[in-house]
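Welcome! Here is a short tour for someone meeting this structure for the first time. Please take a look at the sequence and the model, and then read on.

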Amino acid sequence: MTTKNLEITANAIRQSIIEMLLKAGSGHSAGPLGMADVFTALYFEVLNIEPKKPNWPDRDRLILSCGHICPVLYATLAHRGFFPLSELATLRRLGSPLQGHPHFGELPGVENSSGPLGQGLSQAIGLSLGAAMDAKKWRTYAILSDGEHDEGQTWEAILFAGKNKLHNLTAIVDRNNIQIDGFTENIMPLEPLADKYRAFNWHVLEIDGHNFDEIIGALRHARSVFEKPTVIIAHTIPGKGVDFMENDYHWHGTPPNAEQAHLAIKELRTLRGKITSEHE
Amino acid sequence: MKYLTPLSETHIEVATRDGFGQGLLELGKNNQNVVALTADLTESTRVEAFAKAYPERFIEVGVAEQNMAGIAAGLALGGKIPFMASYAVFSPGRNWDQIRVSICYSDLNVKIVGAHAGLTVGPDGATHQALEDIAITRVLPNMTVIVPADSIEARKATLALANHIGPAYLRLGRSKVSVITSEKTPFEIGKALKLTAGDDVTIFACGVMVATALKAAKQLDGKVSVAVINLHTIKPIDSTAIIESAKATGAIVTAEEHQVAGGMGSAVAEVVAAHHPVPIEFVGVRDTFGESGEPDELLEHYKLGVDDVLAAVEKVMRRKNAR
């Protein structure tokens, strides 16, 4: 896919996220919008997957650790063809496979259950170990929030993966600097995060999480590292693409109301015009 | 006293953790998907033999039970059958949320092995004596909960769990305890095992308390006719067997090395109350922590001895006859 098309796809995913959250009346806005580019790069360019065969044994696995950003996972899966786009409107409804936090087994393409923070990297490690035992070529990707590095389990997992040199594992940290109560460096400082990972024997890449060349380049580079697991610290803007949401931690766990959603969609559509003109 | 199933004819004592270790080693040979994880307790959980024989399928996670639960979940997502072993106070104690979300909510095929459960841990004291593990595991949807009565049953349960798809908790003890069953004694997950025939009262017991219940029944032989049932599977509970017993004897005693609140006795009471209410007396730990001591003196001190089962039988018979 060309960069232009990736940007257009990410923009469409962002619009879906706004529509889903408006309809659901609850949910998280900032994280999903901020990670739309990373998810687009993964699902439309990097992951070895077959949307019509979601349980294909040799597929790459994507483990979402910070389950609260699932609107971006659901929207990306739908746009990629795992299930009809119309199902996105059922987010958080009774009986819907699009649960408020992901439930493994409910929805094609969802590879794990998560929500309570800090659990995903361990799950990804288990997949990675199992693949290594059977000499399988598929890779495991784990998406972590920065805030969930407050959890002790995350560090247990980082320690383990470093010790075991799990080179078929790539972690991607959504470094958006916010969590529910405020900015991460005020709540519980994480910096120097890259140095911490290096000290735990990880290969560390830092990228602009909205630059497709950097995202895809880093994900491909990780495949060529055989001595260590790789973490990609993706610097993202929470609420990316919607001016009044960007970098405001109050949008972490809040959905837009009708008026705000209208504004957001309008802004995203305008952006889409810019994407086209820039690349033309 | 009439025995309804072949039991042990010897008088040896072996810890249930040893039966697990033996079963796990056999699984290693017969099932390539079985993997084992421990959190810095490989020898005392009896995973060591497996770890030595199949190092490529053994995972040492260090003192990190939460990570262990997550890794086991991931292994199960990839089609493995992980047995993750630690002490019950740490797993499922410390990592209950990981067991709930990463394992049970996804209905993953992970076997949680909690060793050193109950008072019979002994001198290590209250911090290491899990008295709540049955309660916190049986409350989780999708979970199977098994408390073997002796080492032979622990081995059978281990083998059976590898063929049982879904999350399960296997509760083991540290101390050597009487081997009461034999290789010929049947074992089926979810099926209560009636050991003796009796008309007056039924004792439901699990773990080390099965042997105690049998001793009590023997002492009462000729005076009170006691049916002893080994309720090794606490979830899914054998409702049919419990309802039949309630109807047949009209009085029930439960005996477990666990808190009375939320344990095996509570599970029995839930069935009895809903289907055929009869008097029940509970033998177990009564809302208190344990302490250091030798296993036998602890069981006696916390009122889990033969005399305590006898007293419970007497009390429940009185309540039954007063109705």
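Helices (H or I, at least four residues) and strands (E, at least two) are DSSP runs, numbered from the N terminus. Residues are numbered from 1 along each chain as its sequence is written, and chains are lettered from A and ligands from 1 in the order in which they are written. This is a predicted model, in which local features need pLDDT of at least 70 and side-chain atom pairs count only at pLDDT 80 or more, while totals for chains, interfaces and linings use all residues.

**A loop residue in chain A**

Let us start with Glu106(A), which lies in the loop between α4 (70-80) and α5 (120-133) of chain A. A residue is called buried if 20 or more other C-beta atoms lie within 10 Å of its own, exposed if 12 or fewer, and partly exposed in between, with C-beta atoms placed from the backbone. Glu106(A) is partly exposed because 13 other C-beta atoms lie within 10 Å. Two residues are in contact if their C-beta atoms, placed from the backbone, lie within 7 Å. Not counting residues up to four places away in sequence, Glu106(A) touches Pro97(A) and Gln99(A). Between the C-alpha atoms of Glu106(A) and Lys228(A), 122 residues apart along the chain, the separation is 33 Å.

**Chain A as a whole**

Chain A has ten helices and seven strands. The C-alpha trace of chain A spans about 50 × 45 × 45 Å along its principal axes. Of the 280 residues in chain A, 53% are buried. Among contacts in chain A between residues at least 6 apart in sequence, 76% join residues at least 24 apart.

**Strands in chain B**

Two strands pair if DSSP finds at least two bridges between them.

| Strands of chain B | Sense | Bridges |
|---|---|---|
| β9 (residues 193-194) and β11 | antiparallel | two bridges |
| β10 (residues 201-205) and β11 | parallel | five bridges |
| β5 (residues 111-115) and β7 (residues 168-171) | parallel | four bridges |

Asn230(B) in β11(B) stands opposite Leu193(B) and is also the bridge partner of Ala205(B). Is β11(B) (residues 226-230) enclosed or open? Five of its five residues are buried, so β11(B) is largely enclosed by the rest of the structure. On one side are Val226(B), Val228(B) and Asn230(B), and on the other Ala227(B) and Ile229(B), all buried.An open sheet of seven strands in chain B has the order β3-β2-β4-β5-β7-β6-β12, with mixed pairing. At the edges stand β3 (58-60) and β12 (233-235) of chain B, each with a single partner strand, so one side of each has no neighbour in the sheet.

**The nonpolar core**

A nonpolar core is a set of buried Ala, Val, Leu, Ile, Met, Phe, Trp, Tyr and Cys residues joined through C-beta atoms within 7 Å. The largest one has 195 residues, and Ala72(B), Ile203(B) and Ala213(B) have the most contacts inside it. Leaving aside neighbours within four places in sequence, Ala72(B) is in contact with residues including Gly126(A), Leu37(B) and Val110(B).
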